[in-house]
Amino acid sequence: MFDRAVRRRIDPFLEQIAGAAKDRRIGADQITWAGFAIGLLCMVAVAQGWYGVGLILLLANRLCDGLDGAVARLTGPTDRGAYLDIVLDFLFYAGFVFACAIAQPQATLAAAFLIFSFVGTGTSFLAFAIIAAQRNWPVDVGGKKGFAHLGGLTEGTETIFVFVAMLLWPEAFATLAWIFGGLCWLTTFSRIATTLRTLRP
């Protein structure tokens, strides 16, 4: 929901860093993999209950996620890069919640519901992208991307805010997971309805 507004504010900052990365011949895929490695460390920290460390690593992971796209736009985006970006993002999102469940086994039901909800948002998101590619629909809605994006109530920005809140107030993890999971299902149903209307014969 807030992705477009946030992107307009942070893109100039990311473009400056991307220019420096390009000058040092650091490629977008390298940044994507580095970000995923940081994400794995974040999962380990969260699973151990080291929430402060996890927060720093989470923010570093998300910085890499924005930076790889900025570098790709300077050096030329590739299908390989777009594929890696989305796959590793979804793995990190699910892995983060799994790590929270390890740290708080009493909240595993809430964590399972949130991961289940991510399946809904992810599949409705990617299925639309496949159809959009087949029909040659534009991919630059809300910012230049590797493939067409269908927005919703819960997007990347909202997910980051919730993850940050889970690390700042870990005792509220279960409550946040139930609430955000419910919002994710609103997004899923909205995407399904929008796509079905678009594809109506």
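Modeller: Tyr-93 has a relative accessible area of 13%, so Tyr-93 is buried. Buried means under 20% relative accessible area, exposed over 50%, partly exposed in between (1.4 Å probe, protein chains only). This is a predicted model, where local features need pLDDT of at least 70, side-chain atom pairs count only at pLDDT 80 or more, and totals for chains, interfaces and linings use all residues. Residues are numbered from 1 along each chain as its sequence is written, and side-chain values use heavy atoms, leaving out hydrogens and water.

Colleague: How many aromatic pairs does the structure hold?

Modeller: Rings of Phe, Tyr and Trp (its six-membered ring) pair if their centres lie within 6.5 Å; planes under 30 degrees apart count as stacked, over 60 as edge-to-face and the rest as tilted. The structure holds 12 aromatic pairs. One of them, Phe-90 with Tyr-93, is tilted, at 6.4 Å centre to centre and 50 degrees between the planes.

Colleague: Why are Phe-90 and Tyr-93 separated by about one helical turn?

Modeller: Helices are DSSP runs (H or I, at least four residues), numbered from the N terminus. Phe-90 and Tyr-93 are about one turn apart because three residues separate their positions in helix 4 (residues 79-103). Phe-90 counts as partly exposed, at 27% relative accessibility.

Colleague: Is Trp-185 buried or exposed?

Modeller: Trp-185 counts as buried, at 18% relative accessibility, whereas Phe-189 counts as exposed, at 51%. These two residues are four apart in helix 7 (residues 173-198), so about one helical turn separates them.
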